[in-house]
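Dear colleague,

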Amino acid sequence: QWALDLFAALRSRFPRITAGVGMNSGRVFTGIVGGGGRWEYTVMGDAVNFAARLMQGAEAGQACASESFVQRAKEVYGFDDLGKRRFKGKAEPLAVFALKERRRAGWTAGGLEQSVGREREMGVVLERLDRAWNGEPGMAVIEGEPGVGKSFLATRVLQTAHRRGWRTIPVRGEITRRSHAYAPWKDLFSQLLFQGMDPDLPLLEAVLAKDQKPFLPWFAEFFDLAVPEGMEAPKHDEETRKKLFQHQLSRLLLNSLESRVSNCGLKGGELETRNPKLETDESEPSPLCIFIDDL
């Protein structure tokens with residue numbers, strides 16, 4: 001699905017950029033590797049290497065997949081058979097397939113599949129959703145050992161929220177994305193304030209309150225924007241800066257939500273989540289459910 005979404009985004013937003021994708025399945029080794037001042041999270045193994053070979057042979061806008069990958073994905077996705085190809089390090093030619101389309105909903109948010117178990121946990125979270133719908137915002141934390149199904153349970157919640165008319169914003173906080181302490185929140189603000197786009201400096205400044213503008217350099221760093229020369233940030237020690245910026249991020253989030261209420265009003269506990277600066281859609285507002293995976 002990521003490959004299909006990537007190609008769609010490139011076609012609509014960056015038509016001059018092309019990409020090829022390789023997809024394989026198999027056993028891999030994963031973890032932190034390195035030393036001497038450089039550490040990285042990576043995956044290694046023959047399955048990874050073969051995915052790279054498939055990627056190298058993919059045409060622009062094409063996602064090539066191995067036979068083992070297709071066997072695991074064919075119930076949801078369609079593939080074209082590209083025949084057999086020779087690959088470096090492989091004695092015999094191997095079958096290659098091209099990802100074509102999504103044929104039916106999977107278990108991602110918005111899908112319709114039903115699963116068994118975790119009914120008590122589902123009941124607790126859905127009860128929180130009902131209370132939030134009626135004007136009592138809240139938070140639910142799903143904790144457990146790796147592999148027990150936390151993400152799957154959360155996805156079931158997202159499915160249910162979609163069917164009940166919620167707008168959901170999934171955000172990922174895994175270690176590979178923690179470039180700074182607030183990395184999981186970057187996607188959230190991007191969706192709430194900029195319709196998922198990357199803002200430039202003038203657009204970012206436009207969403208800040210007047211007394212927040214002195215902190216623009218901090219917000220620019222948060223959104224990975226270059227800070228122009230001569231733009232000075234407030235001078236504080238690291239701990240004070242951390243607390244101040246956390247406060248400013250909280251204010252930005254609250255101001256964003258409040259602006260949607262003031263522009264469209266509250267209706268039966270629903271909270272408008274559109275950005276009036278970027279959108280003129282007159283559709284009904286949707287309540288908002290935020291999901292942060294691996295926080």
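Among the salt bridges, E121 and R120 are a pair whose side chains meet at 3.6 Å, N to O, where a salt bridge is a side-chain nitrogen of Lys or Arg within 4 Å of a carboxyl oxygen of Asp or Glu. Before going on, please keep in mind that this is a predicted model, in which local features need pLDDT of at least 70 and side-chain atom pairs count only at pLDDT 80 or more, while totals for chains, interfaces and linings use all residues. Residues are numbered from 1 along each chain as its sequence is written, and side-chain values use heavy atoms, with hydrogens and water left out.

By the salt-bridge rule the count comes to nine. Side chains of opposite charge can pair when their charged atoms come close. In the pair already named, R120 is exposed at a relative accessible area of 62%, whereas E121 is partly exposed at 23%; buried means under 20% relative accessible area, exposed over 50%, and partly exposed in between, with a 1.4 Å probe and protein chains only.

Which residue forms a salt bridge with D130? The partner is R164, and the closest N and O atoms are 2.8 Å apart. This pair links distant parts of the chain, since R164 sits in the loop between α5 and β7 (167-172) and D130 in helix α4 (residues 119-133), 34 residues apart; helices (H or I, at least four residues) and strands (E, at least two) are DSSP runs, numbered from the N terminus. D211 and R251 form another salt bridge, with 3.1 Å between the closest N and O atoms. Because D211 lies in the loop between α7 (201-206) and α8 (216-222) and R251 in helix α9 (residues 238-264), the pair ties together parts that are 40 residues apart in sequence. There is also a network of salt bridges that links E127, R131 and E136.

Turning to the strands, four of them form an open sheet in the order β1-β4-β6-β5, and the pairing is mixed; two strands pair if DSSP finds at least two bridges between them. The edge strands, each pairing on one side only, are β1 (20-23) and β5 (77-85). Inside the sheet, β4 (residues 62-66) and β6 (residues 94-102) run antiparallel and are joined by three bridges, and S66 stands opposite V96 in β6.

The largest nonpolar core has 18 residues, of which L204 and F219 touch the most other members; such a core is a set of buried Ala, Val, Leu, Ile, Met, Phe, Trp, Tyr and Cys residues joined through side-chain atoms within 4.5 Å. Helices α6 (183-194), α7, α8 and α9 each supply at least two residues of this core, and α8 gives the most, with five. Leaving aside neighbours within four places in sequence, L204 is in contact (heavy atoms within 4.5 Å) with several residues, including F194, P199 and L216. A second, separate core of 14 residues includes A3, M23, V76 and Y77.

Finally, is T160 buried or exposed? T160, which lies in helix α5 (residues 150-163), counts as buried because its relative accessibility is 11%. Not counting residues up to four places away in sequence, T160 touches M122 and L126.

With best wishes
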